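Visitor: I have a structure to look at. Could you walk me through it?

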Amino acid sequence: MYVNRKAENAAHTRAALERVARARFEADGFQAVSAEEIVAAAGVTRGALYHHYDGKEGLFEAVAEAAMQRLHRQVGAAARTAKDPMAALRLGVQRFLVLATAPRLQRVLFIDAPAVLGWQRWRELDARYGLGMLQQAIEQAMTHGQMRRSSARSAQFLAHVVLSALIEAAMLIARATDKPLARRESEDILLRLLDGLA
């Protein structure tokens, strides 16, 4: 059987770089970690880093995107345990805020990512993984008569508004001195927002 050694080696190199970078970025933050530290710990050359990611920023973006995927996968899993669409939305909001309070995820996604990637790129990344799932959940709630629909595009507009509120809450929690309190207050406000839309 033919094995593409070049592709296999490239995948191994990327996996090693992302594994090390994730651990370092989560623990110490983007600014405190050098490209030299990452390549040394991953056992690869600096050239490999630039070949696969075009530098530390590109590697960080890969780590942040993987974190965004994990976050929304866990939110979706929590929402799927609900008995109806409105309950799914509530569970999704609660799970999102719990995850947003986790220090390592918080550092990568809600502190460093907006600064390193830029606000527009960060929003695009979040929208790619979270917006569609949120819009689908809102659409189901409207279809089941649990949420008001004012126009054909209500679900789309409402998904943008709720997602923006979730992002702002996550940012506030990340920068709060009392993070558990900030999470509880954010959850209370967001759940009341959903109740008002029901």
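**A helix crossing and a pocket**

Visitor: At what angle do the axes of α7 and α8 cross?
Guide: This is a predicted model, where local features need pLDDT of at least 70, side-chain atom pairs count only at pLDDT 80 or more, and totals for chains, interfaces and linings use all residues. Residues are numbered from 1 along each chain as its sequence is written, and side-chain values use heavy atoms, leaving out hydrogens and water. Helices are DSSP runs (H or I, at least four residues), numbered from the N terminus. The axes, lines fitted to C-alpha atoms over the stretch in contact, with angles from 0 to 180 degrees between N-to-C directions, come within 8 Å and cross at roughly 125 degrees.

Visitor: How are α7 and α8 therefore oriented to each other?
Guide: Under 35 degrees counts as roughly parallel, over 145 as roughly antiparallel, 65 to 115 as roughly perpendicular, and the rest as oblique. The angle here is roughly 125 degrees. So α7 and α8 are oblique.

Visitor: Which helix gives the most to the lining of the largest pocket?
Guide: A pocket is an open set of points on a 1 Å grid over the protein atoms alone, where a 1.4 Å probe fits, with protein on both sides within 12 Å along at least five of seven lines; lining residues have an atom within 4 Å of a point. The largest pocket is lined by 20 residues. α4, α5, α7 and α8 each supply at least two. The most, 6 residues, come from α7.
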